[in-house]
Amino acid sequence: MSAMSAPYQTETELLRAEIAAAAARMIAEDGADYGSAKRKAARQILGNNKIRGDVLPDNAQIEDEVRIYNELFFADTQPARLLHLRQQALRVMEELARFSPYLTGAVLNGTAGDHSDIHLQLFTPSAKDVEIYLLNKNTQFEVSESPHFKGQHAPVETLSFLLPQAGGPPEGVHLTLYDVDDLRGSVKTAAGKRLERADTETVRRLIMEESV
């Protein structure tokens, strides 16, 4: 992996890259989340030694390693899987248009694989309206909490359900519910930063680009 591609790196940088590569393997192969994969990878590599914060890779570095891993080991299957998940995400987003849906996570950034679910952020004055909508569609869902993307804010409600697929297993969908005010300023991406969320038109454009 890339940890071996730059002999001029410091020991800390090499450790960070090694942890990122190990975490990426867990994410791509097992569907682990970034946080748990990072912690487990650090323990595997450093053992019982105290883990310094400066050797832990950030999520952007791990994401890059997941891309590399997918290209090396899943090049024949991952692009089709990603396209399918984006198509299913668009299907759900169009149905939930009244709640201002935005796609986020691995299905947006392009690293989604066999174990990936669809993660949407909804911005609505009433979380209860989303629950009522799903109940009226006879969609069985589970309720949990997710950290707010703005950090210090209170956790937000998340609704999770299975989206039926013709001729295949259902796909997991997670709707994280935010207040309309949370949307202000959150869709702008600073120069050089990766897109964190995408509206319906952006997702539709991504699908068109992949389908060419």
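Strands β4 (residues 156–165) and β5 pair up antiparallel, with seven bridges between them; two strands count as paired if DSSP finds at least two bridges between them. This is a predicted model, so to speak a computed picture: local features need pLDDT of at least 70, side-chain atom pairs count only at pLDDT 80 or more, and totals for chains, interfaces and linings use all residues. Residues are numbered from 1 along each chain as its sequence is written, and side-chain values use heavy atoms, with hydrogens and water left out. Strands (E, at least two residues) and helices (H or I, at least four) are DSSP runs, numbered from the N terminus.

- β5 covers residues 168–178, and eight of its eleven residues are buried. Here buried means under 20% relative accessible area, exposed means over 50%, and partly exposed is in between (1.4 Å probe, protein chains only).
- On the β4 side, the two strands make a hairpin with two residues between them. Gly167 sits in that turn and has a positive phi of about 75°.
- Strand β2 (residues 118–123) also pairs with β5, this time running parallel, through six bridges.

**Thr104 in β1**

- Thr104 belongs to strand β1 and is buried, at 17% relative accessible area.
- Its side chain reaches the backbone oxygen of Glu196 at 2.8 Å. That is a polar contact, meaning a pair of N or O atoms within 3.5 Å; within protein, one must be able to donate a hydrogen and the other to accept it, and residues adjacent in sequence count only if both atoms are side-chain atoms.
- Setting aside neighbours within four places in sequence, Thr104 is in contact with His119, Gln121 and Glu196, where contact means heavy atoms within 4.5 Å.

- Ser100 is not a glycine, yet it has a positive phi of about 50°. You'll find Ser100 in the loop between α4 (78–95) and β1 (101–104), partly exposed at 29% relative accessible area.
- Asn138 is not a glycine either, and its phi is positive at about 60°. Asn138 lies in the loop between α6 (127–136) and β3 (142–146), and it is exposed, with a relative accessible area of 67%.
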